[in-house]
Amino acid sequence: MNWSYDLLEARERTLFARLGVFVDGCTVDAVQKVCGDAEALAQLAGKSLLTLEDRRYTMLETIREYALERLGESEAANEIHARHLSYFLHLAEGAEPELTKPQQMVWLDCLEREHHNLRAALRWALETGEVEKLLRLSGALWRFWQRRGYLSNGLEWLQTALNLEPTRSDATLAAGRAKALTGVGWLLRDFGDFTGMKNCFEECLALCEHLEDKSKLAFALYSVGYANFLIGDLKGSIQTIEESISLYRALSDEVSAALPLFMLGRIATSQGDYERAQRCLMASFEIERKRGAPFGVARTLGNLGELAIYRGEYARAESYLEQSQSILNELGERQLSTWVLTKRGELAWRQDDLVQARSFLDAGLRLSQEIGYRWNTAYALTYLGLVALSEGDLQRAESLCEDSLALFRELESEQDIAQTQR
C-alpha cells in the first residue's frame, strides 16, 4: 500500500486519504461536500483503489483503513471528520420528515445505504463531545431505526446522547433533547417498558410546552396518551389524545390528526366499542390513503384487521392483514411486520387452520426475536401455546404459555398477563 500510495500525485493522495472517512462507500455529492474535491475520483478508480457501482464509490476495507491512517496524519483530519458529521446530519434531518410521507420508502432505503456512515458520524460526535449534534442526529434517525428493526442499536445511541452533559442550555438544545426523548420513548415501547416510555414522553411534553412549536407539542400529547393507554389509564389516554387532535385541528393540520384518530380507534377496540373503533380507524385510514403515506395505510389496515377479528369477520380481517403485510414488505419494515404476522397467526388459529397459524406465528416470533421486539415475542408465544393446546400437545402448550407469561411479567404488562392466564 505504501508503494501504491507513493506513486499517486499530490492531489490524488489528498483525496485518497480523505476518502477514508467514509464507511461502506459514498456518492460524488458526499465527496464534494466532505472532501472538497472530487476530480481525482476517476484516476483513483483507474488505479484500482476505488470501485464505482450504482453511482457509489467504495473501497476494500483494508484499503479504507490505510486511507484513514493517512488522513489521521494530516492537519485536515479533524476538519474532514467534522464535515462528514455535518453532511450526514443534514442528510438525516432532511430525511426525517419524509419518513411519514409518500416517498418514505425512498428515504428509508437512502438511510439504509448510508447507515454505516451515519454510525461513523454518531461516533465522531460522541468522541468530540458534540452533544447538540449527537442529539439531533440520533433524534432524526429513530423512525428509521424502528422501521428497519435496529431497536437495540437505536436505543443505545439515543440514551447515550441524552446521558451526555450539555455545555449550554438553549432552545436548540431543548428541541434536540425533546426529539431524542421521543425516540427513546417509542423504542422503549417496542421493548415493553411502558413506564419508561411514559416518563420519556412526559419529559418531552414538558420541554415542548416551552418551545414555540405547536406541532411538536401536539405529537408529544399524542405520545403521552399512547403511553397512558399501554399502562391501562384509558381515561387519561383519551383526554390527552383528544387534546392532541384539537391542537392539530387548530393548526389546520388534519393530516397529522390521522395518528391520534388511529389511537382513539385502538382504545375503542380495547373497550369493545367496535362501532366507534371502526369510525375512528376508517377516518384515519382515509387521511393516510389520500396523502399517500404507505406506512400509515399499513398500520391502519392492520388494526382494522384486528378489529374485524374481534367482530368475527374473518374474511375481511384476512384481507386487511394481507394488504398491510404486502405494504410493509415493500417498505422493508420489520417492527410492525412482526405484529401483523402474529395477528395473521391468531386469525388462522381462530379458524382452526393450525398449520397456517403455526407458520405465521413462527415467522412473527423469529422476526421479533431477531430485532429485539420483546412484547411481540411474548404475544407470539401466547398464540403458539394456544396452537399447541388445539393440537392436544398439553406439555408444549404449558411450556410456551409459561414462557409468554414470564416475559409479560418482565415487561410489566398487566393486561397481557391476564390474557395469558386466561
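1. Start with the α2/α5 pair: helix α2 (residues 10-19) packs against helix α5 (residues 61-72) at about 110°, with axes 6 Å apart. Axes here are lines fitted to C-alpha atoms, for helices over the stretch in contact, and angles run from 0 to 180 degrees between N-to-C directions. So α2 is roughly perpendicular to α5 (65 to 115 degrees; under 35 is roughly parallel, over 145 roughly antiparallel, the rest oblique). Helices are DSSP runs of H or I, at least four residues, numbered from the N terminus.

2. A word on provenance: this is a predicted model, where local features need pLDDT of at least 70, side-chain atom pairs count only at pLDDT 80 or more, and totals for chains, interfaces and linings use all residues. Residues are numbered from 1 along each chain as its sequence is written, and side-chain values use heavy atoms, leaving out hydrogens and water.

3. On to the second pair: α5 also packs with helix α6 (residues 77-95), at about 120° and with axes 8 Å apart, so α5 is oblique to α6. Leu68, Leu71 and Gly72 of α5 meet Ala77, Ile80 and His81 of α6 (contact means heavy atoms within 4.5 Å).

4. Now Thr269, which sits in helix α15 (residues 258-271). Thr269 is buried at 7% relative accessible area (buried is under 20%, exposed over 50%, partly exposed in between, with a 1.4 Å probe and protein chains only). A polar atom of the Thr269 side chain lies 2.9 Å from the backbone oxygen of Gly265. Leaving aside residues up to four places away in sequence, Thr269 touches Tyr274, Ala277, Leu281, Glu306, Leu307 and Tyr310.

How values were computed
Helices (H or I, at least four residues) and strands (E, at least two) are DSSP runs, numbered from the N terminus. A polar contact is a pair of N or O atoms within 3.5 Å; within protein, one must be able to donate a hydrogen and the other to accept it, and residues adjacent in sequence count only if both atoms are side-chain atoms.
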